[in-house]
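Good morning, colleagues. Please look at the chain on the screen before I take you through its local features.

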Amino acid sequence: MSEVSTKPYLLRAIYEWCTDNGYTPHIAVVVDARTRVPMQFVKNGEIVLNVSFEATSGLKMDNDFINFSARFGGVSRDISVPVENVIAIYARENGQGMAFEAPSVLAVGENVDDAPEASATPGLASVPAVEKAEASSEKNPDDEPEPPKKGGRPVLTRIK
């Protein structure tokens, strides 16, 4: 019997943490042939989806797929996302969450059976809270992170 990935369990845990704390959970997804999302909202092969209770209907987070209905431009759409295509889950309000290694993607329209086998264990990377940088004798301006911007919406930064 093959071992089930930890990724769907981590997604459900971060989702629950977001909702318990009054945050709005969002998922970032790599779009491929198996992903059913409104294509007009896909940018650079990725889409960010609000998966909060208020934004979805019938949300079901299985070990293989995340399925729900949501409104896009006032039109209800059925959404289906393979768990392996989720590259991050985070709280909109503060950006805290977890990022995952991006899968090797299929172009929309490719046959899933022709795809190379994906690794059964996804690579995980936690997104640490921003801490004050320690003073260093050798400072390179290119090594310094940009200071956080005041106001606006938080942004998830993927670190590769």
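I begin with a definition: a residue is called buried under 20% relative accessible area, exposed over 50%, and partly exposed in between, with a 1.4 Å probe and protein chains only. By that criterion S52 is buried, because its relative accessible area is 5%. The model is predicted, so local features need pLDDT of at least 70 and side-chain atom pairs count only at pLDDT 80 or more, while totals for chains, interfaces and linings use all residues. Residues are numbered from 1 along each chain as its sequence is written, and side-chain values use heavy atoms, with hydrogens and water left out.

S52 lies in the loop between β2 (46–50) and β3; strands (E, at least two residues) and helices (H or I, at least four) are DSSP runs numbered from the N terminus. Setting aside neighbours within four places in sequence, S52 contacts Y15, T24 and P25, where contact means heavy atoms within 4.5 Å.

Let us turn to V29. This residue belongs to strand β1 (residues 25–30) and is buried, with a relative accessible area of 0%. Beyond residues up to four places away in sequence, V29 touches several residues, among them T35, I47, L49 and V86. The C-alpha atoms of V29 and A88 are 7.3 Å apart, although 59 residues separate them along the chain.

Finally, the sheet. Three strands form an open sheet in the order β3-β4-β5, with antiparallel pairing; two strands pair if DSSP finds at least two bridges between them. Why is one side of β3 and of β5 left without a neighbour in the sheet? Both stand at the edges, each with a single partner strand. Between β4 (residues 65–72) and β5 there are eight bridges, and N67 has S80 as its bridge partner in β5.
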